Amino acid sequence: MNTGVVSVRYAKALLAYAKAQGKAEQVYEEVGRLSRCFLQLPRLQRAIDNPVLPVGDKLRLLQEAAGGESVSQELLRFFRLVIDEKRENFLPFMAVSYCEQFQQDRHVLVGRLATAVPSPALARKIEQLAARRTHADVQLQTETDPSLIGGFVLRLDGYCLDASVSRQLKRVEQQFIDKNRRIV
């Protein structure tokens with residue numbers, strides 16, 4: 001069966017169950033942690049996929065990756081279901097799919113903001129402006145990129161706004177090149 005189909009079905013089921021229990025937000029945070037662990041620790045996926053590793057150890061690993069002792073019972077039951085159905089190799093995809101489903105359900109847009117120097121005030125201002133324009137809750141992940149020289153690059157909902165000094169310098173350089181070609 002297709003990885004995407006399986007992942008989306010399980011993610012939708014988890015979201016429906018978590019919403020029914022009133023724990024969708026908590027499960028979202030836990031699944032986000034789990035997803036980051038899968039990205040940062042490729043050995044976690046290999047351990048979970050290992051058929052020799054006992055089910056109890058797999059559950060403990062997943063619980064620890066999702067937040068430790070404070071992990072919701074809803075997510076623990078989901079882990080048990082996935083392992084019982086031998087679908088643990090799809091867990092990273094299920095985690096990403098759950099986050100996407102939750103964001104879509106709650107009208108949350110997640111974007112990236114790159115600035116030349118750290119600027120929490122700019123990030124807050126852009127979040128507020130974007131939230132007003134999109135009528136959604138906007139969450140920006142910020143990063144610092146000194147190569148921008150100044151300004152920012154905003155990526156949100158498939159759009160990219162490059163208001164960096166380095167981009168403007170490249171544009172001016174291209175204009176000079178184009179103008180000099182016409183002269184020669």
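Select tyrosine 98 and show its neighbours. Leaving out residues up to four places away in sequence, tyrosine 98 touches Ala11, Leu14, Leu15, Ala18, Ala24, Val27, Tyr28 and Val31; contact here means heavy atoms within 4.5 Å. The model is a predicted one, in which local features need pLDDT of at least 70 and side-chain atom pairs count only at pLDDT 80 or more, while totals for chains, interfaces and linings use all residues. Residues are numbered from 1 along each chain as its sequence is written, and side-chain values use heavy atoms, with hydrogens and water left out.

Next, select Leu75, Phe78, Phe79 and Leu91 along with Tyr98. These are the residues with the most contacts inside the largest nonpolar core, which has 33 residues. At least two residues of this core come from each of helices H1 (3-21), H2, H3 (42-49), H4 (55-66), H5 (73-84) and H6, and H2 gives the most, seven. Another core, of eleven residues, lies apart from it and includes Leu113, Ile126, Phe152 and Leu154. A nonpolar core is a set of buried Ala, Val, Leu, Ile, Met, Phe, Trp, Tyr and Cys residues joined through side-chain atoms within 4.5 Å; buried means under 20% relative accessible area (1.4 Å probe, protein chains only). In soluble globular proteins, nonpolar side chains tend to be buried together.

Now select Tyr28, Arg36, Cys99, Gln103 and Gln141. Of the 15 residues that line the largest pocket, these lie nearest its centre. A pocket is an open set of points on a 1 Å grid over the protein atoms alone, where a 1.4 Å probe fits, with protein on both sides within 12 Å along at least five of seven lines; lining residues have an atom within 4 Å of a point. The volume of the largest pocket is about 400 Å³, a volume being the space filled by probe spheres set on the points, which are joined across faces, edges and corners. H2 supplies the largest share of this lining, six residues.

Move on to strands S3 (151-156) and S4 (159-164). Helices (H or I, at least four residues) and strands (E, at least two) are DSSP runs, numbered from the N terminus. S3 and S4 pair in the antiparallel sense over six bridges; two strands pair if DSSP finds at least two bridges between them. Glycine 151 has serine 164 in S4 as its bridge partner. The two strands form a hairpin with two residues between them, and aspartate 157 in the turn has a positive phi of about 55°.

Technical notes
Buried < 20%, exposed > 50% of the residue type's maximum accessible area, 1.4 Å probe, protein only.
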